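Thanks for asking me to look through this one with you. Keep the picture open while you read, and take the points one at a time.

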Amino acid sequence: MNDASALYQDAIKQMAQAAHGHGQLESADGEARLDNPLCGDRVRIQVALDSGRISAIAHQTKGCLLCRAAASLLGARAVGHNAAAIEAVADGLDAMLKGAAPGPAAWPELAMFVPARAYASRHRCVLLPFRALQAALGKVGAGATANATENHGEIKGAR
Amino acid sequence: MNAAVSALRGQFPLLAAAPGLHYLDSAATAQIHRAALDAVIRHETTRRANVMRGTYALAEAADQAFDQARQSAARFLNAGSADEIVFTSGATAALNLVAHAFGSTLKAGDRVLISVAEHHSNFVPWQMLRERTGIELALIPVAADGVLDLARLAELMRSRCRLVAVTQCSNVTGAWTDVAAIVAAARQAGARVLLDGAQAVQHGPQDVRALGVDFYAFSGHKCFGPGGIGVLWGRAELLAQMPPFLGGGGMIGEVTFDNTTWAAPPQRFEAGTPPIAQAIGLAAALDWMMTLDWPQIHAREQRLGELLIEGLQRIPQLRLLGPAAAASRAPIVAFDIEGLHPHDICQVLDSNGLALRGGHHCAQPLLAALGVDACTRASIALYNDAADIEALLDGLVEVRRMLT
């Protein structure tokens, strides 16, 4: 049993409520949909690139406050970054959640997720939008939407 | 706390050690009864040996205990014979066993009828069978309250329907299935009936002969026994006609390079070393359950369900899923609160000492039919009382305060 009040601080609630980047792009260079098969949370993310850097981002997120706050943060901060930078931030966030690092210095807002360290089952909620963005960036130029679950499992004919 | 419930709680080591815990997730896993735990420890410390292989005294003792476990499971289900009891690793394995072994007797175009309300473990194996053999998979729809809509049942069974595989009780809405109507229609159509009893067994012993079904599956961890053990009951004549699912030791008659013959059921379906201690622990849980006053427990569980439903109905922007009447459902109550995600709800409830499950509950087709992506579920078992319900209703006030 943990006190959840540290987790549900105003910064996270406000970031989720702001829903920065929520919506769709008219023209995307890459897009991906990532699901959390354990809870059904889903993030669909689109990116447009200019000279290898994100010039626009949009997402449609169905998930908990942590997932929506993380997606909103990406909507606010991802523009201007390239795939390598996003990967470094995502991996830094992952390490921060696992308690091994203070978090990416360039994105101090991620500190709002530090209380989630205590809840291992919620780490994937925070990471899902970041991993979806990485998948979307990986699809740039591939001309297809990546549809995947976190474990990339898919059963033909399954709904 | 109610004296009867207090006495019951004291028989569950985890609950006895955590008096402040309001455990409302028994539909996912019920707490283990001390008798089951003691039986596992006693077996592992005094009789641990493989079964059906050794001739030494220890192995004989293990054989005897394992055989008695099978007989306990048969009594719990009122099966005609202990040979109709197949031990598996759980209900999922039992359902997959039928999908493979009985499924291999089906031909392309034969129909298997399931329902929208199935847990994924009674949904996905049939999709996989469809991929393997070309069977036709059809769905019994649900009404708005999640109850199986049987209006078109005869029509759904018309086309070479060979098996109806349905839940006895929804793990999301708690809605009971009208098994008698399904069995009657299946008999007319010449189809067999598989009942997924995973949610029903923690609410009392079952009578597979009175139910009139052909297969029945359940898990030990949902009826106060250990994890890693489940039961498939099947009519003897059906099991005898079915080929094995898994191959290995214990399930053979004779093995030569050119040919292998199968053991008779139930061993035919228990390849490899079975979960021996788990089966013995399960039997202890079932033996204990068979001593209880179930009408009294049902009445108490139903009262708690009513108390919870009445309390939830007073909460603004809360939608109850499932039948409105507590009598039409097992004490499993799922709900959706507009604007609040079940993960967040359960997280805050946890900080108030409440254990509930939030998510899709491995029933995505049902949730889609009910128009929700995820929901929060409280499930009540014999060790719960009004204090648990009050704590949940108070906790939901805190949920709204903290999340909005």
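1. A word on how to read everything here. This is a predicted model, in which local features need pLDDT of at least 70 and side-chain atom pairs count only at pLDDT 80 or more, while totals for chains, interfaces and linings use all residues. Residues are numbered from 1 along each chain as its sequence is written, and chains are lettered from A and ligands numbered from 1 in the order in which they are written.

2. How much of chain A is buried? Of its 159 residues, 40% count as buried. Here a residue is buried if 20 or more other C-beta atoms lie within 10 Å of its own, exposed if 12 or fewer, and partly exposed in between, with C-beta atoms placed from the backbone. Among chain A contacts with a separation of 6 or more, 64% link residues 24 or more positions apart; two residues are in contact if their C-beta atoms, placed from the backbone, lie within 7 Å.

3. Now see where the chains meet. The contact takes 21 residues from chain A and 20 residues from chain B. On the chain B side, α13(B) gives the most, with 5 residues. By class, that side has 6 nonpolar, 9 polar and 5 charged residues. Ala, Val, Leu, Ile, Met, Phe, Trp, Tyr, Cys and Pro count as nonpolar, Asp, Glu, Lys and Arg as charged, and the others, Gly among them, as polar.

4. Strand β7 (residues 215-219) of chain B deserves a look, with 5 of its 5 residues buried. In a regular strand the side chains alternate between the two faces of the sheet. In β7(B), Phe215(B), Ala217(B) and Ser219(B) are buried on one side, and Tyr216(B) and Phe218(B) on the other.

5. Which strands pair with β7(B)? Strand β6 (residues 192-196) runs parallel to β7(B), joined by 3 bridges, and Leu194(B) has Phe215(B) as its bridge partner. Strand β8 (residues 230-234) is antiparallel to β7(B), over 5 bridges, with Trp233(B) opposite Tyr216(B). Two strands pair if DSSP finds at least two bridges between them.

6. Finally, find Val179(B) in helix α8 (residues 179-189). Why does Val179(B) count as buried? Because 21 other C-beta atoms lie within 10 Å. Beyond its neighbours within four places in sequence, Val179(B) is in contact with Gln168(B), Leu195(B), Leu211(B) and Val213(B). The C-alpha atoms of Val179(B) and Leu211(B) are separated by 7.0 Å, though these residues are 32 apart along the chain.

How values were computed
Helices (H or I, at least four residues) and strands (E, at least two) are DSSP runs, numbered from the N terminus.
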